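Hi everyone, thanks for coming. I'd like to walk you through one model today, so please have a look at the screen.

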Amino acid sequence: MPGKVWFVGAGPGDPELITVKGRRLLEKAGAVLFAGSLVDQAATRFSPADCEIRDSKDMTLAEMTTWLIERADRHAVVVRLQTGDPGLYGALIEMTQPLTAAGIAWEVVPGVSSAMAAMAAAGETLTLPEVTQTVILTRVAGRTPMPPGEDLESLAAHKATLCIYLSITLLHKVQEALRAAGWAEDAPMLVVHKASWPGQEKIIRGTLADIKQKCQAAKVGSQAMIVASPTLGAADWPDLVRSKLYDPAFSHRFRKATETTHD
Ligand code: SAH
C-alpha cells in the first residue's frame, strides 16, 4: 500500500501558526517537500530527524509530483508543506491530478492565509458592521491573466475589503484600478511584508495616494500583502457601529434581548 500525500498549509511564516493537525502530520512524516521561498524553514523543525526534507524552489511541477509519488511508495506519510492555505495560489490541483492518476491518496489540511495574518499583524478587521461585510481575495494580472470580469477595477467597485496577493511589484496597477473604481486619494491602504515572520515583519500604512512611495522608502518589494479596505483604521474611530450579535437589543440563540431594537 503506498502512503498518503498531505497538502499542509504551513501558515504565513510564524511556525506557531501551523494547525495542530499540520504539525502532527509533520511529526509523523517520512518525507517533506516544502515551498522554500515563503515557508519559514523553521516549519520543518517539527519533522523527525530521519525525515527526508527537500526544498521545492528549484523544481518544476512535474519534478515535484514525481518526487511526491516516489516518496509515497516508501513512506506512510508524505507532506507537501505550502505557504498560507494550499488552496490559494498554491498550484494544488496541478499537483493532485497526477497523484490521483498514479493511484496515490491525498488530502488537504488548511492553513492561515497571509491575508488574515496581515490584518492580524496590523490589528485590523476584515469586516465591520455597516461598513463592509465582504472580503475579496484577489491579485492583479502578472504572467497569469485574470479571467473575464475579475479585473481589479470591477472588483474594487464593490468597496469591500480587498486583499491583494502576488502584486506588490504591480502596486501602480493596483492604484490605477482603485482610482478608476472611484476610491478617494485618501482611502487608507495597508501593506504587510512577511506578516508573522519573527523579527522580519514590516507594516506600512498609507493612502491610495502615497502607499507606493511608502513601500519604496521601506524597501518592500516582495512577499507582501496589499489591503485596501474601508475598515482600515477603525480602531481609532469614535463612532463605530456595534456588531448586532453583541448588541443588548439583539436576541439570538444563546441570549434574549434586554432592550427593544429600534431598527
Ligand atoms: N497560499 C498562500 C499564498 C501564496 S501566493 C497564502 O494563503 O497566503 C504568494 C503571495 O502570498 C505573496 O506574493 C504575498 O502576496 C502573499 N504572502 C504569502 N506569505 C506572506 C506573508 N507572510 N506576508 C505577506 N504576504 C504574504
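Let me start with one loop: A91 lies between strand 4 (77-82) and helix 3 (92-101), where helices (H or I, at least four residues) and strands (E, at least two) are DSSP runs, numbered from the N terminus. Phi of A91 is near 50°, which is a positive value in a residue other than glycine. Is A91 buried, partly exposed or exposed? A91 is partly exposed, at a relative accessible area of 26%. On that scale, buried is under 20% relative accessible area, exposed is over 50%, and partly exposed is in between, with a 1.4 Å probe and protein chains only.

Before I go further, a word on what you are looking at. This is a predicted model, in which local features need pLDDT of at least 70 and side-chain atom pairs count only at pLDDT 80 or more, while totals for chains, interfaces and linings use all residues. Residues are numbered from 1 along each chain as its sequence is written, and side-chain values use heavy atoms, with hydrogens and water left out.

K219 counts as exposed, at 71% relative accessibility.

Now the overall picture. The protein chain has seven helices and ten strands, and its C-alpha atoms fill a box of roughly 65 × 50 × 40 Å along the principal axes. Of its 263 residues, 44% are buried. The chain exposes about 13600 Å², with carbon and sulfur atoms supplying 55% of that; accessible areas come from the Shrake-Rupley method with a 1.4 Å probe, and for residues only the protein chains shown count as cover.

How is the chain divided into domains? The assignment, which is automatic or from a database, gives domain 1 (4-109) and domain 2 (114-236). Nine residues from domain 1 and twelve residues from domain 2 take part in the contact, and contact here means heavy atoms within 4.5 Å. The centres of the two domains, taken over C-alpha atoms, are 28 Å apart.

Helix 4 covers residues 114-121, and its buried residues are A115, A117, A118 and M119. Those buried residues pack against strand 6 (135-139), strand 7 (161-165), strand 8 (188-193) and strand 10 (224-228). After helix 4 comes G123, with a positive phi near 65°.

And now the ligand. Which residues come nearest to the ligand? Of the 18 residues around it, those are P12, S113, S114, A195 and A224, and a residue is near if one of its heavy atoms lies within 4 Å. The shell draws at least three residues from each of domain 1 and domain 2. By class, the shell has eleven nonpolar, five polar and two charged residues; Ala, Val, Leu, Ile, Met, Phe, Trp, Tyr, Cys and Pro count as nonpolar, Asp, Glu, Lys and Arg as charged, and the others, Gly among them, as polar.

Finally, some distances to ligand oxygen atoms. A polar side-chain atom of S114 is 2.7 Å from one, a polar backbone atom of A224 is 2.8 Å from one, and a backbone N or O atom of L166 is 3.0 Å from one. Taken alone, the ligand exposes 540 Å², and the protein buries 93% of that.

Conventions. Polar contact = N/O pair within 3.5 Å; in protein donor to acceptor, adjacent residues only side chain to side chain.
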